[in-house]
Amino acid sequence: MNAEKLLAGKCVVITRALEQSMEMKERLEILGAKVLLLPAVSFFGPSDTSELDRIIGSLEEFDWIFFTSANAVLYFSDRCRKLGRNIRASQIPRYAAVGPATARAAVRRGFSVDYVAREFQGAALAKELGASLKGKKILLPRSDRARRDLPEALQKIGAEVTETIVYHTGGVGPAEPGVLDAVRDARVDVVSFFSPSAVESLGAELGHETMARLGARAALAAVGPVTAAALRKAGLPVAIEAPAATAESMISAIVSYFSSPNMFQARMS
């Protein structure tokens, strides 16, 4: 087999939003995979932005803004621009990101990122910055379905936490004809998940029996421990677990899975 076509003949499903999937799709196709895009989650801004607008108008009151996803960066920065807020104008507040992908999104949008979590999960920001956050005012621009672990960890440290919803997470979005049927019938080799919301949303769309059949016939792949935990909580097997919450880590984990004879044969037996 051509060393550059390590995934030849494999069908990989990406359940991220379409705009977040294209780079990974291209890289998987270079490796020979057939890629199906099934956005298990969709995103949209809040209908009422009055509270968000008030917060954006008083950003100097905060010591830190923590970004826990590229979507949070996107929707927060868009609202800042619509309000004419110059995010480059002040050294206060400081900005932190949950991982390198979120940090890159923040830099592209004009934020100066002062800290990037070494562990790619929200609560790591509280753990790693620790006591330095005691008494600090921290803003969390978030999804309406964001996990509670980060704000609770920050509050235990003694930080003053303000949460604001900058986007909503919806259900399964539109996909090309036949994609959902291929997943429903388990005519795929890998289904990759990038968030607990994607696990929940696709489970609600397909039902537990179909998801269980899918998990028995295809490899369910999770990016990072949080998403892997969501699959296991739903009673589904995790065949592939990427150690870091990045597309690069997911691709490497998928390649390793199919390159390991013992792992692959064990699943097929």
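**Exercises on a predicted model**

Leaving aside neighbours within four places in sequence, Ala8 is in contact with Leu31 and Gly32. The structure used throughout these exercises is a predicted model.

**Exercise 1.** Locate Ala8 and determine whether this residue is buried, partly exposed or exposed.

*Solution.* 
1. Ala8 belongs to the segment that precedes strand S1 (11-14).
2. Its relative accessible area is 36%. Buried requires a value under 20% and exposed a value over 50%, so Ala8 is classed as partly exposed.
3. A further spatial relation concerns Ile30: 22 residues separate Ala8 from Ile30 in sequence, while their C-alpha atoms are 9.3 Å apart.

**Exercise 2.** Describe the five-stranded open sheet and state which strands stand at its edges.

*Solution.* 
1. The strand order is S2-S1-S9-S10-S11, and the pairing is parallel.
2. Strand S2 (34-37) and strand S11 (240-242) each have a single partner strand, so one side of each lacks a neighbour in the sheet; these two are the edge strands.
3. On average, and with direction ignored, neighbouring strands of this sheet are turned by 20° against each other.
4. Phe193 stands opposite Ala222 in S10.
5. Helix H1 (residues 18-30) lies across S1, S2 and S9, and runs at about 170° to S2.

**Exercise 3.** Characterise Ala186 by its place, its phi angle and its burial.

*Solution.* 
1. Ala186 is found in the loop connecting helix H7 (179-184) to S9.
2. Although Ala186 is not a glycine, its phi is positive, at about 60°.
3. With a relative accessible area of 13%, Ala186 falls under the 20% limit and is therefore buried.

**Exercise 4.** Identify the buried residues of helix H4 (residues 100-108) and explain how they are arranged around its axis.

*Solution.* 
1. The buried residues of H4 are Thr102, Ala103, Ala105 and Ala106.
2. These residues cover an arc of only 160° around the axis, and therefore lie on the same side of H4.
3. The general rule behind such an arrangement is that an α-helix has 3.6 residues a turn, so residues three or four places apart point the same way.
4. Val107 and Arg108, on the other side of H4, are exposed.
5. The cover over the buried residues of H4 includes strand S4 (64-67), helix H3 (70-82), strand S5 (94-97) and strand S6 (113-116).
6. Just after H4, Gly110 adopts a positive phi of about 100°.

Note on methods
Residues are numbered from 1 along each chain as its sequence is written. This is a predicted model: local features need pLDDT of at least 70, side-chain atom pairs count only at pLDDT 80 or more; totals for chains, interfaces and linings use all residues. Side-chain values use heavy atoms; hydrogens and water are left out. Helices (H or I, at least four residues) and strands (E, at least two) are DSSP runs, numbered from the N terminus. Buried means under 20% relative accessible area, exposed over 50%, partly exposed in between (1.4 Å probe, protein chains only). Contact means heavy atoms within 4.5 Å. Two strands pair if DSSP finds at least two bridges between them. Axes are lines fitted to C-alpha atoms, for helices over the stretch in contact, and angles run from 0 to 180 degrees between N-to-C directions. The arc is that of the directions from the helix axis to the C-beta atoms.
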